[in-house]
Amino acid sequence: MSIAAARLADRHALTSLAGPPSAVRRVAFTDATDDWVAALAVEAGIESIGGTLLAVGGYGRRQLAPFSDLDLVLLHPNDASSAEVAGVADRIWYPIWDSGIALDHAVRTLPETRKLASGDLKVVFGLLDARPIIGDVELAARAKASVLADWRALAPERLREVFEAVQARIARAHELAHLLEPDLKESYGGLRDVVILRAVAASWITDYPHEQVDSAQSILLDARDALHRVSGRATDRLSMQEQAAVSKLLGVGSDDELLRQIIDAGRAIASASDLTWHRVQRLTRKQPMFRRLRAEPSDVRVPLADGVIAQNGEVFLARDARSDRDPSLLLRAAAAAAQAGMRLAPETVDRLAHASGDIPQPWPRAVREAFVSFLGAGPAAVPVWEALDNAGLMSGVLPYWQQVRSLPQRNALHMYTVDRHQLETAVSAAAFTRDVHRPDLLLVAALFHDIGKGRGTNHSGTGAALMSDIAPRLGFDESDTDILCRLVQHHLLLAETATR
């Protein structure tokens with residue numbers, strides 16, 4: 001048995017070890033992979049061409065899952081013989097293919113690497129995490145340094161391209177924090193966004209909250225490792241049918257608890273990403289890049305509502321606004337931002353989170369009207385809601401909301417967690433407010449229609465009972481409360497009738 005074959009056997013042995021996934025296990029698996037690949041490179045004659053073999057991407061970060069692809073770049077000097085380089089490459093690549101392990105490979109010179117990185121963000125992101133496995137370490141360092149220098153020089157322009165790619169991915173893969181079958185890598189708030197945060201930090205434009213992101217990333221990496229092991233294949237989509245086995249392997253109490261942990265991790269990464277993009281926008285002095293955001297052409301402060309202003313496309317509180325003395329300020333600011341199609345500035349959310357007083361119950365009319373206006377903004381309400389929710393404000397404002405926050409629902413008809421499903425229902429209902437006599441009742445009933453879920457009972461009846469307590473606390477009179485309770489009680493009537 002050759003040295004390379006023995007190293008491959010060692011690698012295979014690690015995949016069959018018992019025990020839950022962990023960072024220590026990933027590093028050990030990566031080291032075993034390095035030993036095997038290095039042995040292949042030695043046997044292939046890498047020293048004869050003066051080259052170096054780089055691990056890039058997740059392999060470079062030592063985050064290999066059991067069925068991850070191997071991302072490798074064979075870097076060689078300009079004066080190396082093309083035929084000899086091709087022969088060395090083939091003698092490395094073919095044994096990897098023969099082993100059945102997926103391979104993403106490239107053969108380049110230093111100038112070729114730099115040129116490709118100038119036009120391909122995937123190449124940049126891969127090389128930012130490049131790590132030499134064997135060969136000329138100095139050549140590897142020069143390649144990484146040149147790509148990093150170019151990235152920093154062009155980052156203000158290239159980050160706009162990155163942001164646009166993020167937005168396209170959100171439209172395609174949605175937000176991890178609200179999905180019942182999330183893609184742990186591609187959904188917004190997933191592992192792909194951690195890579196992007198690292199790239200932003202490498203640009204030196206701004207940094208991100210490392211402790212928050214690192215902790216969340218560890219949860220997602222463990223879940224992906226477990227998913228590979230229980231499914232026996234390379235996949236990032238945590239389907240319902242795999243969740244029970246994954247939770248068991250991870251030692252989590254239940255598949256619902258697993259999903260809640262993943263959802264919380266996705267919220268943490270998405271929140272860090274939103275904050276980081278906000279900083280990038282400010283520091284590069286470009287027009288705002290956020291979803292559903294409109295910008296003012298200058299630094300002019302434009303009044304939106306009492307105590308609420310817009311500046312540079314974001315919403316701020318006036319300097320003399322006091323959320324602890326003005327119970328409607330929180331929801332008034334939210335409504336003003338959503339109706340204007342803007343986001344609350346992070347400073348605004350912080351002020352509201354740290355200085356908001358309790359809203360009197362029943363809600364004063366001004367508070368209720370601001371809340372209805374907020375919901376009536378439609379899709380523009382979503383990013384504002386998420387900013388407030390991530391700060392813990394919505395659970396503090398809405399009765400019983402904490403019970404359904406991040407709550408999974410195992411129903412093939414739903415793709416979102418209960419809280420996001422209810423918000424999306426209210427967003428959809430906003431399109432019909434001109435068609436009804438009481439849009440406030442429509443929007444509030446839509447938002448709370450599944451409030452009874454997660455209690456092990458018939459959620460329609462339970463929701464109606466809860467609504468009988470919620471509605472008066474929001475300031476609705478007895479007649480309106482009766483209507484809201486009936487809407488929640490019978491919200492499945494049309495669907496059940498249509499399918500019978």
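Helices (H or I, at least four residues) and strands (E, at least two) are DSSP runs, numbered from the N terminus. The model shown is predicted: local features need pLDDT of at least 70, side-chain atom pairs count only at pLDDT 80 or more, and totals for chains, interfaces and linings use all residues. Residues are numbered from 1 along each chain as its sequence is written, and side-chain values use heavy atoms, with hydrogens and water left out.

**Figure 1. The cis peptide bond at Pro362.** Pro362 sits in the loop that runs between α13 (346-355) and α14 (365-376). The peptide bond leading from Gln361 to Pro362 is cis, and its omega is near 0°.

**Figure 2. The whole protein.** The protein has 22 helices and eight strands. Its C-alpha trace spans about 85 × 55 × 35 Å along the principal axes. Of the 500 residues, 53% are buried, where buried means under 20% relative accessible area, exposed over 50%, and partly exposed in between (1.4 Å probe, protein chains only). Among contacts (heavy atoms within 4.5 Å) with a separation of 6 or more, 68% join residues 24 or more positions apart.

**Figure 3. The largest nonpolar core.** A nonpolar core is a set of buried Ala, Val, Leu, Ile, Met, Phe, Trp, Tyr and Cys residues joined through side-chain atoms within 4.5 Å. The largest one has 64 residues, and Leu331, Phe371, Phe374, Trp385, Leu388, Leu398 and Phe448 have the most contacts inside it. Helix α12 (residues 329-340) gives the most to this core, with 10 residues. Leaving out residues up to four places away in sequence, Leu398 touches Trp363, Phe371, Trp385, Leu447 and Phe448. Another core, of 36 residues, lies apart from it and includes Phe125, Leu148, Tyr188 and Val200.

**Figure 4. The surroundings of His76.** His76 belongs to the loop between β2 (70-75) and α4 (82-98). His76 counts as buried because its relative accessibility is 10%. Neighbours within four places in sequence aside, the residues in contact with His76 are Ile49, Gly51, Val85, Val107, Arg108, Thr109, Leu110 and Leu139.

**Figure 5. Positive phi at Arg62.** Arg62 is not a glycine, yet its phi is positive, near 60°. Arg62 lies in the loop between α3 (57-60) and β2. Its relative accessibility is 30%, so Arg62 counts as partly exposed.

**Figure 6. Positive phi at Ser406.** The phi of Ser406 is near 60°, a positive value in a residue other than glycine. Ser406 is placed in the loop between α17 (401-404) and α18 (418-429). With a relative accessibility of 2%, Ser406 counts as buried.
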